[in-house]
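Please look over the sequence and the model below.

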Amino acid sequence: MVAVREPSCILERMILSEPSAPTADDLREREKELDFFYSLAALLSKPGLDADEAAAGCARLFAAAMGRPEAARVVVRLGDRTATYAGEGAPSDSPDSSDSPDSHDSDGPSPDAMAALAGSRLACGVEASYPGGEQAFSERERSLCSSTAALLAVAAERLEADERERLGRSELERKNAALSELLSRIELEKAGIRSAMRSAFEER
């Protein structure tokens, strides 16, 4: 299952929605969701955020928010970065299910996994699987998956903007250094001219 969501739907559709006639279990799951979104927002809003750190952190947080974290396997894609988190009882459908970037290199989600993708230019999304296959996921987990993908798309855009700003600063610093060097050379040449002129006047 692949769902495509726009980032603008996150708050109104998931984060701020309220369950009708909630039970104690509903409230516990809702608290888990809100804890997840709070932790994910704190992670993604860190100054100087690193894409690998963001992807790995999101994979861990998403797995913890699932109904059976110990059995979950989560793959997070953030632009060109990929991170995988696997619980002890997670399905081992890749050679390496460790919590490391680029450990899942398939072109698409597994047929028995739930997945959500977001972003028009940058590929961002979440793929999660249980030993029982896709039918093992609750509606809450599917909704969480879609909302997380939308948040990752926003984070990817921010990371891209940060990189452009960093490159812009580097280029500006290079131009300033070149200008400073030019000014120093002009000052040095002017000093040489003044010295030559003083020597010429003294000789007269």
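A residue is called buried when its relative accessible area is under 20%, exposed when over 50%, and partly exposed in between, with a 1.4 Å probe and protein chains only. A86 has 24% relative accessibility and therefore counts as partly exposed. The model is predicted, so local features need pLDDT of at least 70 and side-chain atom pairs count only at pLDDT 80 or more, while totals for chains, interfaces and linings use all residues. Residues are numbered from 1 along each chain as its sequence is written, and side-chain values use heavy atoms, without hydrogens and water.

A86 lies in strand β3 (residues 81-86); strands (E, at least two residues) and helices (H or I, at least four) are DSSP runs numbered from the N terminus.

Helix α2 (residues 24-44) has buried residues R30, E33, F36, F37, L40, L43 and L44. They sit on the same side of α2 because they cover an arc of only 155 degrees around the axis, the arc being that of the directions from the helix axis to the C-beta atoms. Exposed E31 and Y38 are on the face of α2 turned away from the buried side.

A pocket is an open set of points on a 1 Å grid over the protein atoms alone, where a 1.4 Å probe fits, with protein on both sides within 12 Å along at least five of seven lines; lining residues have an atom within 4 Å of a point. The largest pocket has a volume of about 380 Å³, volume being the space filled by probe spheres set on the points, which are joined across faces, edges and corners. Of its 17 lining residues, A51, L159, E160, D162 and E163 are the closest to the centre. Helix α4 (residues 139-203) gives the largest share of the lining, eight residues.
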